[in-house]
Amino acid sequence: MSAASPPSSASAQGELRRWQRFTPAERIMRSGFYLIVLIAIVWSLQTIEIIPEFLYDAPQQTADLFVRMWPIDWSWYPKVVHEALLETLHTATLGTLLAVAMASGVALLVARNITRSVVLNMIGRFILVATRSVHAKVWALFFVAVFGPGALAGTLAIAVHSIGFTGKFLSEAIEEARVGPIEALTATGAPRLSILLKGYWPQVKPAFLSIAVFRWDINVRESAVLGLVGGGGLGMALDTALSNLYWDQVGLVLVVIFAIVIIAEVVTSWLRTRMI
């Protein structure tokens, strides 16, 4: 018995060392996938109708635009851009606050350890998917049609579009809460509101603040261009300059957008390190 065991172990090791890169079925599937990708690329190139002549002089046209933007018209900043910048920041901030408030209620519906009803869970998930599947510019076009162009339409577009992102991550944070404190509060007969405030909130608070700050950072970038569709802020200043072909003013708006995005990134990174 003992003499027969080494050959069996050696044969088992030999079988483990035998390998084959791909089976015939896997090769067929990989080849089919590559073929589908190739067909999609060729089809896309034919659909978008790329004109080669436009590609040849694209570098020259790009360089010409940058030449027209210089020197930048800094005198336009106090006249128009400064107010538009403040409007952009206010739009992003108020939109984020509205989104967090609305997303908190939806997250409670989606979290399965809070809401046991499957119907309510599905309703909450539908709201999350519906709000984030439509781009913020599309929401801005909708609210511009309802309320007219301006910061109100941009703020509501930012708020509604942010519900899906904020609610999804917040519901996941609620579902990951430790069960121990919740069971202890339930065993003492604590009401449902006390369980939420004393059991879930201390565990969810770091993630909640981090999600809110991160979403504000994203909303600053999105609100900066919503003015192109009538949402107010820097986008409207950029659209005005582009419509009038004032390229030195276009350069100023682009520099301001780039600067505010960088500053927002630094601020949010610092805040998240302090919160987590």
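In which helix is the place of Leu45?

Guide: The model shown here is a predicted one. Leu45 has its place in helix α2, which covers residues 24-48. The relative accessibility of Leu45 is 47%. Because buried means under 20% and exposed means over 50%, Leu45 counts as partly exposed at that value. Leu45 also belongs to a nonpolar patch on the surface, together with Phe33, Tyr34, Val37, Ile41, Ile48 and Ile50. The accessible area of these residues together is about 680 Å².

The surroundings of this patch may now be considered. The protein as a whole exposes about 17,400 Å², and carbon and sulfur atoms supply 70% of that area. The protein has 276 residues, of which 33% count as buried. Its fold contains twelve helices and zero strands. Among contacts between residues at least 6 apart in sequence, 73% join residues that are at least 24 apart.

Leaving aside residues up to four places away in sequence, Ala103 touches Ile163, Thr166, Gly167 and Leu170. Ala103 and Ile127 are 24 residues apart along the chain, and their C-alpha atoms are separated by 9.4 Å.

Another helix, α7, shows how buried residues may be arranged. Helix α7 comprises twelve residues, 136-147. At 1.5 Å a residue, α7 should span 16 Å, and this agrees with its end C-alpha atoms, which are 16 Å apart. Within α7, the residues Ala136, Trp139, Ala140, Phe143 and Val144 are buried. Seen down the axis of α7, these buried residues fall within an arc of 140 degrees, and therefore they line one face of the helix. They pack against three helices: α6 (118-133), α8 (151-175) and α10 (192-223). Just after α7 comes Gly148, which takes a positive phi of about 90 degrees.

Notes
Residues numbered from 1 in each chain as written. Predicted model: local features only at pLDDT ≥ 70, side-chain atom pairs only at ≥ 80, totals over all residues. Heavy atoms only, no water. Helix = DSSP H or I, 4+ residues; strand = E, 2+ residues; numbered from the N terminus. Expected span 1.5 Å × (residues − 1). Buried < 20%, exposed > 50% of the residue type's maximum accessible area, 1.4 Å probe, protein only. Arc of directions from axis to C-beta. Contact = heavy atoms within 4.5 Å. Patch = residues over 30% accessible without salt bridge, like charges linked within 9 Å, V, L, I, M, F, W, Y side chains within 5 Å. Areas by Shrake-Rupley, 256 points an atom, 1.4 Å probe, with all protein chains shown as cover. Salt bridge = Lys/Arg side-chain N within 4 Å of Asp/Glu carboxyl O.
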